[in-house]
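Subject: Handing over a structure

Dear colleague,

Below I am passing on the sequence and the structure that I have been looking at.

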Amino acid sequence: ESQLKGFYSEWDSNKYFGLIERFKLPLKSPVGKFSRGMKMKFMVTTALSHNADLLILDEPTSGLDPNQITEVRALIKEIGKTRTVIISTHILGEVEMLCSRVIIISGGKLVADSPTEKLRENYGNSIKIKVVLSALEKDALQVLNSIDGISNIEISSVQETPEGKPLLQALLSVHEGKEIRSLVAKSLIEKGFELYELCVIKNSL
């Protein structure tokens with residue numbers, strides 16, 4: 001700790017030792033022998049101990065085991081409530097989980113800079129409803145095309161029922177996230193189709 005104090009004018013020893021205890025970091029072991037997860041915790045401990053307003057983390061969960069990933073992500077979320085945290089990562093699921101704003105750089109050029117939710121709406125996959133039903137393709141398309149709010153329909157055969165009836169899977173793209181599940185179910189059932197599955201496929205980056 002004495003070496004670290006010399007680098008920072010606003011060093012807080014009480015906070016440092018409190019975080020060391022919280023993260024169960026061995027004080028007597030050289031940092032070079034720490035696991036990647038422990039090193040990440042130590043870097044965060046150092047940053048928080050001198051009250052840094054900005055933390056920059058490069059691939060913070062790379063090389064960690066599942067338990068360490070969960071712990072580090074929870075820590076980043078907690079820190080982000082009171083400080084600015086910048087994360088560099090190629091894991092888009094992690095971006096959605098942790099970040100309120102996303103910047104995407106491709107080929108050295110800035111290609112996107114937006115709140116995460118807005119970026120998902122603009123660049124993510126369109127919101128879709130997945131339907132699995134027993135029907136002939138032309139009959140299913142006739143009903144689905146009559147439903148207001150569906151912008152696109154992708155049909156594929158999946159399997160047959162035990163009775164030999166053809167099962168179709170339909171992916172329905174929905175206008176502006178409109179809620180039409182009950183209308184889809186009602187329309188299909190009224191036409192005598194057997195409905196096996198109906199769910200929303202979550203939009204993501």
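Strand β6 and strand β7, the latter made of residues 166-174, pair in the antiparallel sense over nine bridges. Please keep in mind while reading that this is a predicted model. Within this pairing, Ile-155 has Ala-170 of β7 standing opposite.

The two strands belong to an open sheet of four strands, whose order is β6-β7-β5-β8 and whose pairing is antiparallel. Which strands stand at the edges of the sheet? They are β6, residues 150-160, and β8, residues 194-201, and each of them has a single partner strand, so one side of each is left without a neighbour in the sheet. On average, and with direction ignored, neighbouring strands of this sheet are turned by 20° against each other.

Two helices lie across the strands of this sheet. Helix α7, which covers residues 137-144, lies across β5 (128-134), β6 and β7, and runs at about 155° to β6. Helix α8, which covers residues 181-190, lies across β5, β7 and β8, and runs at about 165° to β8.

Is Ser-173 buried or exposed? With a relative accessible area of 6%, Ser-173 is buried, because buried means under 20%. Between Ser-173 and Ile-201 there are 9.9 Å in space, taken from C-alpha to C-alpha, although the two are 28 residues apart in sequence.

**Salt bridges**

How many salt bridges does the structure hold? The structure holds nine, and I describe a few of them here.

One of them joins Lys-128 and Glu-154, whose closest N and O atoms are 2.8 Å apart. This pair links distant parts of the chain, since Lys-128 sits in strand β5 and Glu-154 in strand β6, 26 residues apart. Glu-154 has 35% relative accessibility and therefore counts as partly exposed.

Another salt bridge is made where the side chains of Glu-197 and Lys-130 meet, at 3.6 Å from N to O. Here too distant parts of the chain are linked, with Glu-197 in strand β8 and Lys-130 in strand β5, 67 residues apart. Glu-197, at 32% relative accessibility, counts as partly exposed.

A further salt bridge is found between Lys-41 and Glu-71, with 3.1 Å between the closest N and O atoms. Lys-41 lies in helix α3 (residues 36-49) and Glu-71 in helix α4 (residues 66-79), so that this pair, 30 residues apart, again links distant parts of the chain. Lys-41 is buried, with a relative accessible area of 11%, whereas Glu-71 is partly exposed, with a relative accessible area of 39%.

Strand β3, residues 101-106, pairs with strand β4, residues 109-115, in the antiparallel sense, and the pairing runs over six bridges. What do β3 and β4 form? They form a hairpin with two residues between the strands, and Gly-107, in the turn, has a positive phi of about 60°.

Thr-116 lies in helix α6, which is made of residues 116-123. Since its relative accessibility is 5%, Thr-116 counts as buried. Which residues is Thr-116 in contact with, leaving aside its neighbours within four places in sequence? They are Glu-96, Cys-99, Ser-100, Arg-101 and Val-102.

**A nonpolar patch on the surface**

Finally, Leu-54, Ile-56 and Ile-86 form a nonpolar patch on the surface, and together they have about 300 Å² of accessible area. Ile-56 is found in strand β1, residues 54-58. With 64% relative accessibility, Ile-56 counts as exposed, because exposed means over 50%.

Methods:
Residues are numbered from 1 along each chain as its sequence is written. This is a predicted model: local features need pLDDT of at least 70, side-chain atom pairs count only at pLDDT 80 or more; totals for chains, interfaces and linings use all residues. Side-chain values use heavy atoms; hydrogens and water are left out. Two strands pair if DSSP finds at least two bridges between them. Buried means under 20% relative accessible area, exposed over 50%, partly exposed in between (1.4 Å probe, protein chains only). Contact means heavy atoms within 4.5 Å. Patches are made of residues with over 30% relative accessible area and no salt bridge: like charges are joined within 9 Å, nonpolar side chains (Val, Leu, Ile, Met, Phe, Trp, Tyr) within 5 Å. Accessible areas come from the Shrake-Rupley method with a 1.4 Å probe; for residues, only the protein chains shown count as cover. A salt bridge is a side-chain nitrogen of Lys or Arg within 4 Å of a carboxyl oxygen of Asp or Glu. Axes are lines fitted to C-alpha atoms, for helices over the stretch in contact, and angles run from 0 to 180 degrees between N-to-C directions.
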